[in-house]
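Please look at the sequence and the model before reading on.

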Amino acid sequence: MLETAALVLKVLAYAAALTAAGPVLALCTLVREPSIGPDTARYVTHLVRVAGAVLAAAALGSAALYVVRLGGSLDAPTLRAIFVSPLGMTLTLQCLAGTWLALRGERAAILPAALVLLSFAVSGHAFARGPLPAAVVLLHVSAAAWWIGGLGILWTASRNLAPDPFAAMVGRFGTQALAVVVVLIVAGLTGAGILLQFDPDPTRGSERTLVA
């Protein structure tokens, strides 16, 4: 039961993090005009706020779940094991940045979105192996977030922007997406190679999954 709850919270956190940070990143590169139209602006604000709230809630839920798994006591050793650790850094960044985005939407600008993405780079196997693998993970997650955010913005803009501004936005997305996809693929392959030490063992299920 606890393992299932942990998996659900992790999936929610990943989805919410990409959905919250992605539109903020995409707005920085896709939109050159002062306004993207009121309907698109409302959509982006609502999307970022909801995703930020879900991310903050998932981070708090994960912290509570770890307390339960460690015995349910809020004593000093338990709190240190959770929060004075890479896991604690991740949960703290996600909770703070998610709350910030939930309150401010895309007007919170790039800083909380960057903190959301940074949370993926400060824990897990990549962080344990040093700054280079962590930077690769950050690039990989940032590229994925931009892609998701850009598609969401284009979908909404297609319904309420005038043809000429929308066509210009699509052109920018197409041009930028070429570079972003290269970063996404190269960073993904490099990160997987680093984690597998460029020598995958096909007898281990976790390594087969990572290769796939």
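Is the crossing of α5 and α7 left-handed or right-handed? The crossing of these two helices is right-handed. The model that shows this is a predicted one, and the report therefore turns to confidence before describing the packing.

**Confidence**

The chain has a mean pLDDT of 82, and 82% of its residues reach 70 or more. Confidence is highest in helix α5, at a mean of 89, and lowest in helix α6 (residues 124-128), at 62. Where pLDDT is low, the predicted coordinates should not be read in detail.

Two packed helices are described by the angle between their axes and the distance between the axes.

| Helix pair | Angle | Axis distance |
|---|---|---|
| α4 (residues 86-104) and α5 (residues 110-121) | about 155° | 8 Å |
| α2 (residues 38-69) and α7 (residues 131-160) | roughly 150° | within 9 Å |
| α5 and α7 | about 135° | 8 Å |

Helices α4 and α5 pack at about 155°, which means that α4 is roughly antiparallel to α5. Their crossing is left-handed. On the α4 side, the residues in contact are Thr-90, Leu-93, Gln-94, Ala-97, Trp-100 and Leu-101. They meet Leu-111, Pro-112, Leu-115, Val-116, Leu-118 and Ser-119 of α5. Sorted by class, this contact holds 9 nonpolar and 3 polar residues, with no charged ones.

The axes of α2 and α7 cross at roughly 150°, and α2 is therefore roughly antiparallel to α7. The crossing of α2 with α7 is right-handed. Helix α2 contributes Asp-39, Thr-40, Tyr-43 and Val-44 to the contact, while α7 contributes Gly-152, Ile-153, Trp-155, Thr-156, Ala-157 and Asn-160. The classes here are 5 nonpolar, 4 polar and 1 charged.

For α5 and α7, the angle is about 135°, so α5 lies oblique to α7. Leu-117, Leu-118, Phe-120 and Ala-121 of α5 meet Ala-134, Val-137, Leu-138, Val-141, Ser-142 and Ala-145 of α7. This contact has 9 nonpolar residues, 1 polar residue and no charged residues.

**An aromatic pair**

How many aromatic pairs are counted? The count comes to 4. In one of them, the ring centres of Tyr-14 and Phe-120 are 4.9 Å apart and the ring planes stand at 70°, so the pair is edge-to-face. Because Tyr-14 lies in helix α1 (residues 2-30) and Phe-120 in helix α5, the pair ties together parts that are 106 residues apart in sequence.

Conventions:
Residues are numbered from 1 along each chain as its sequence is written. This is a predicted model: local features need pLDDT of at least 70, side-chain atom pairs count only at pLDDT 80 or more; totals for chains, interfaces and linings use all residues. Side-chain values use heavy atoms; hydrogens and water are left out. Axes are lines fitted to C-alpha atoms, for helices over the stretch in contact, and angles run from 0 to 180 degrees between N-to-C directions. Helices (H or I, at least four residues) and strands (E, at least two) are DSSP runs, numbered from the N terminus. Angles under 35 degrees count as roughly parallel, over 145 as roughly antiparallel, 65 to 115 as roughly perpendicular and the rest as oblique. A crossing is left-handed if the near helix is turned anticlockwise from the far one by less than a right angle, and right-handed if clockwise. Contact means heavy atoms within 4.5 Å. Ala, Val, Leu, Ile, Met, Phe, Trp, Tyr, Cys and Pro count as nonpolar, Asp, Glu, Lys and Arg as charged, and the others, Gly among them, as polar. pLDDT is the predictor's confidence in each residue, from 0 to 100. Rings of Phe, Tyr and Trp (its six-membered ring) pair if their centres lie within 6.5 Å; planes under 30 degrees apart count as stacked, over 60 as edge-to-face and the rest as tilted.
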